[in-house]
Amino acid sequence: MELFNLFIKSVFVDNMIFAYFLGMCSYLAVSKTVKTSAGLGLAVTFVLVVTVPVNYLVNKYLLAPGALAWISPKLATVDLSFLTYILFIAIIAAIVQILEMIIETFTPSLYSALGIFLPLIAVNCAILGCSLFMQERGFSNVGEAAVFGLGSGLGWLLAIVGIAAIREKLRYSKIPKGLQGVGISFIITGLMGIAFMAFMGIKL
Amino acid sequence: MPNVKKLIIEPLRKTNPVTVLVLGICSCLAVTAQLKPALVMGASVTVVTAFSNLIISLLRKGIPSRIRIIVQLVVVATLVILIDQFLKAFAYNVSKQLSVYVGLIITNCIIMGRLEAFALSHGSWESFLDGLGNGLGYSLILVIVAFFRELFGSGTLLGYPIIPSSFYEAGYQNNGLMILPPMALIVVGIIIWIQRTRNPEMQENNQK
């Protein structure tokens, strides 16, 4: 039940886009059609489900203050947490590269759907942001970290597919010249964010 | 030196990374509820962009193009760690307020975008200036958004009350909506609208 709460919370309440503005760059750039945005959303979810638990383990057994105690008690006072950023981003870049190779070898059809998006993902703020939030909140086990990754990914997918659908319809509406394109997408995202705030008070 | 001027001034207006190229939005919006964190964030991003541009431009002949993304990420991450430690030491409260967004400078698209588009093909001095200009362009938008959000949201600037108390006695109220995250998006949307109405050549055409 705990896990289910965490899942719902990370999809709706702590939505990556509407509550934290993470991954906005690709969100605005790739949301012109529903099909491509769904592809990118799936790729992000996929990478989050893999990277967040891995980074959780790295944080627990390598980076957190006193985390090295499992090697020998002498290392219990070592604090490597200043290495967090460089290690997390290196792990994310490496995992994205490995995933790309695995997908290309075993499921070419999935590769042709996700392939072009995968390299983009290494520098998507949502991925690194999710790992940093995971570290900040201090989850108690790998399962929670994985569920948090899955929920955040699905929340991101929901947001990008939503805005893509709205933008597809928007092509037929009359928008002031200066607002066309990026401007109106910003304002719509803001309005969607206000709508999503309705979930904020929910306690499960 | 017209070149220097061009490299620094253009990103402030014509090629502004936030409103024109739409890069680096993520961190830009989350830190703008108040002016102070926005200023700190802008300064940090400017420093990181300028120096990462300089370093990558010096290294550009030695980096194999297949692994350049990882090399760039490592350089940027190192700079961000330095900034993070610096903020923790000298401005602890602000660094707490910025929380994960300092770390997210690493994946700020402006930095990667400038590295890919400029530093890999230009000399070091030019790259440094280009990074500086783009960082300043980013900070400019950040400060404008934060100015309006703090002024209308809490009636203060940098923590000092600006709106006189006689206004409040007359029934004026702070607009709580401005502090909420979605308003940042709407404010940026309005800035883009004003900028593009004044410069019609920037307008996009949506109706194909």
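## Salt bridges and a nonpolar patch

Asp84(B) and Lys88(B) sit four residues apart, about one turn of the helix, and both belong to helix α4 (residues 68-90) of chain B. In this predicted model, the two form a salt bridge in which the closest N and O atoms are 3.3 Å apart.

Staying in chain B, let us move on to another pair. Asp130(B) forms a salt bridge with Arg114(B), and here the closest N and O atoms are 3.0 Å apart. Asp130(B) lies in helix α8 (residues 124-154) of chain B and Arg114(B) in helix α7 (residues 109-117) of chain B, so this pair ties together parts that are 16 residues apart in sequence. Both Asp130(B) and Arg114(B) are buried.

Now for chain A. Lys9(A) pairs with Asp14(A) in a salt bridge, with 3.7 Å between the closest N and O atoms. Lys9(A) counts as partly exposed at 41% relative accessibility, while Asp14(A), at 14%, counts as buried. Arg137(A) joins them: Lys9(A), Asp14(A) and Arg137(A) are linked in a network of salt bridges. Over all chains, the count comes to four salt bridges.

Leu57(A), Tyr61(A), Trp70(A), Ile71(A) and Val142(A) make a nonpolar surface patch of about 480 Å². One of these residues, Val142(A), is found in helix α8 (residues 142-170) of chain A. Val142(A) is partly exposed, with a relative accessible area of 32%, and the cut-off for residues in a patch is over 30%.

Conventions:
Residues numbered from 1 in each chain as written. Chains lettered and ligands numbered in written order. Predicted model: local features only at pLDDT ≥ 70, side-chain atom pairs only at ≥ 80, totals over all residues. Heavy atoms only, no water. Patch = residues over 30% accessible without salt bridge, like charges linked within 9 Å, V, L, I, M, F, W, Y side chains within 5 Å. Areas by Shrake-Rupley, 256 points an atom, 1.4 Å probe, with all protein chains shown as cover. Salt bridge = Lys/Arg side-chain N within 4 Å of Asp/Glu carboxyl O. Helix = DSSP H or I, 4+ residues; strand = E, 2+ residues; numbered from the N terminus. Buried < 20%, exposed > 50% of the residue type's maximum accessible area, 1.4 Å probe, protein only.
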